[in-house]
Amino acid sequence: MIYRSPKYCQDFRCIAGDCRDSCCKGWEIDIDSDTAEYYAGVGGEFGKRLRDNIRGGCFVLTEDERCPFLNRQGLCDIYTELGEENLCRICSDHPRYFEWFGSVKEGGIGLCCEASAALILSRPFTLCEREVPDEDAAGNYDEELFNLLIRAREEMFAVLQNEDIPLNEALCDVLDIAADAQSCIDMPSDEPPTCSDTEAALQDIFRCLSELEPIDENWKPYISKCAEKLGCAAECSREHEPYLRRIALYLIFRYLMKSVYDGEVLGYAKFAAVSVIVISMLYRCSPAENGCCSFTDCADIAKNYSKETEYCEENMAELLERFRTEPFFAIDSLKLLLPRSL
């Protein structure tokens with residue numbers, strides 16, 4: 001089996017106690033059946049502690065929503081007591097993600113992690129391949145559709161990686177490539193009417209985000225506060241374009257091939273374009289508060305956006321649905337917004 005992933009993944013290391021936004025806080029942590037069976041047989045005081053803190057296949061979070069095994073040094077007691085190999089699967093894998101397509105496995109590291117966000121924004125997007133043992137595929141898919149999507153994704157990569165093409169134009173090309181691929185899958189769906197008022201469209205997008213179910217209680221106040229500043233946002237910094245280009249590449253790599261199973265080619269392309277628009281505007285709103293938007297600020301903003309959208313299944317499903325119906329998410333509306341936002 002071929003395993004394909006961005007080259008920067010090889011340099012990912014969990015920063016554990018140095019992380020300012022631990023994945024062991026605020027998330028429901030599911031325990032896979034094999035690990036649950038192992039935990040049930042652990043003896044002694046630590047085994048009792050394990051069983052006392054597991055309910056319904058999940059760890060019971062503390063009152064401040066910490067994993068009960070996250071100690072005050074920001075380290076995992078299961079890791080130190082039982083070893084890395086005995087972490088549950090979600091803890092062992094995160095922030096890694098994987099997709100299987102027959103003899104091909106693809107994977108990477110997710111933007112919602114502080115350490116991986118820094119790698120994604122700072123490193124060029126280059127894919128590498130290696131042989132790995134065969135693993136079970138996720139499901140059956142159409143080989144012809146798979147090849148069509150691979151070609152479409154390669155076209156998208158080419159325009160996004162060509163720095164002679166302004167990012168707003170490259171993303172317009174990405175939307176056109178996706179629309180063409182979508183039309184090959186089924187009858188072209190009716191696009192919602194275009195919203196030609198870019199100011200109103202941008203406000204509507206931010207309103208839409210504020211209506212999603214928040215993961216972090218600070219998200220809604222933050223996104224609403226930024227929405228108030230859209231009209232007086234700072235000029236787009238040339239330093240930010242490489243970060244935004246790499247975010248677009250990350251999203252296209254991570255999501256486009258999922259459409260071999262669900263047919264959401266255009267939806268995933270829109271998600272990449274909308275994400276770049278929103279993150280760019282959040283970068284531009286930050287100087288209004290503190291006078292600058294450093295690399296660390298940019299990585300944190302991208303991480304928080306990722307956490308509230310792609311790391312909530314319900315929110316992603318809601319966005320994909322709205323992409324089909326809301327005028328401010330129409331292809332032509334986004335094409336008008338891109339040069340306004342970048």
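Predicted model: local features only at pLDDT ≥ 70, side-chain atom pairs only at ≥ 80, totals over all residues.
## Salt bridges, cavities and a buried helix

The side chains of Glu-211 and Arg-322 meet in a salt bridge, with N and O 3.0 Å apart. Glu-211 belongs to helix H8 and Arg-322 to helix H15 (residues 313–325), so this pair ties together parts that are 111 residues apart in sequence.

Glu-211 is partly exposed, with a relative accessible area of 41%, whereas Arg-322 is buried at 15%. Since buried means under 20% relative accessible area, the value of 15% places Arg-322 in that class.

In total, the structure holds 24 salt bridges. Side chains of opposite charge can pair when their charged atoms come close. Another such pair is Lys-270 with Glu-191, whose closest N and O atoms are 2.9 Å apart. Here Lys-270 lies in helix H12 (residues 265–285), while Glu-191 lies in the loop between helix H7 (167–185) and helix H8 (198–211), so the bridge links parts that are 79 residues apart in sequence. Lys-270 is buried, with a relative accessible area of 2%, and Glu-191 is partly exposed at 32%.

Arg-324 forms a salt bridge with Glu-321, and their closest N and O atoms are 2.8 Å apart. Both residues lie in helix H15, three residues apart, which is about one turn of the helix. Arg-324 is partly exposed, at 38% relative accessibility, and Glu-321 is also partly exposed, with a relative accessible area of 38%. Salt bridges that share partners also join Asp-204, Arg-207, Glu-211, Glu-318 and Arg-322 into one network. The Glu-211 and Arg-322 pair from the opening is therefore part of that network.

| Salt bridge | N to O distance |
|---|---|
| Glu-211 and Arg-322 | 3.0 Å |
| Lys-270 and Glu-191 | 2.9 Å |
| Arg-324 and Glu-321 | 2.8 Å |

### Asn-315 in helix H15

Helix H15 also holds Asn-315. Asn-315 is buried, with a relative accessible area of 3%. Not counting residues up to four places away in sequence, Asn-315 touches Leu-212, Glu-213, Glu-308 and Thr-309.

### Helix H10

How many residues of H10 are buried? Twelve of its 15 residues are, so the helix is largely enclosed by the rest of the structure. Among them are Tyr-243, Leu-244, Arg-245, Ile-247 and Ala-248, and also Phe-253, Arg-254 and Tyr-255. H10 covers residues 241–255 and reaches 21 Å from its first C-alpha to its last, close to the 21 Å expected at 1.5 Å a residue.

The largest has a volume of about 50 Å³, and its lining consists of Tyr-97, Glu-99, Phe-101, Glu-106, Gly-107, Phe-253, Arg-254, Met-257 and Lys-258. Two of these names return from helix H10: Phe-253 and Arg-254 are buried residues of that helix and line the largest cavity. Strand E4 (96–101), strand E5 (104–109) and H10 each supply at least two lining residues. The largest share, three residues, comes from E4.

The second largest cavity has a volume of about 40 Å³. Its lining is made up of Tyr-39, Phe-59, Cys-67, Phe-69, Cys-76, Ile-78, Leu-87, Cys-88 and Cys-91.

Which classes of residue line each cavity? The lining of the largest cavity divides into four nonpolar, one polar and four charged residues. By contrast, the lining of the second largest cavity has nine nonpolar, no polar and no charged residues.

### Leu-70

Leu-70 lies in the loop between strand E3 (58–59) and helix H3 (77–82). Is Leu-70 buried or exposed? At 9% relative accessibility, Leu-70 counts as buried. Leaving aside its neighbours within four places in sequence, Leu-70 is in contact with Ser-22, Cys-24, Lys-25 and Leu-75. Its C-alpha atom is separated by 34 Å from that of Ala-272, a residue 202 places away along the chain.

Conventions. Residues numbered from 1 in each chain as written. Heavy atoms only, no water. Helix = DSSP H or I, 4+ residues; strand = E, 2+ residues; numbered from the N terminus. Expected span 1.5 Å × (residues − 1). Buried < 20%, exposed > 50% of the residue type's maximum accessible area, 1.4 Å probe, protein only. Salt bridge = Lys/Arg side-chain N within 4 Å of Asp/Glu carboxyl O. 1 Å grid on protein atoms, 1.4 Å probe; cavity = no way out; pocket = protein on both sides within 12 Å on 5 of 7 lines; lining within 4 Å. Points joined across faces, edges and corners; volume = space filled by probe spheres on them. Nonpolar A, V, L, I, M, F, W, Y, C, P; charged D, E, K, R; others polar. Contact = heavy atoms within 4.5 Å.
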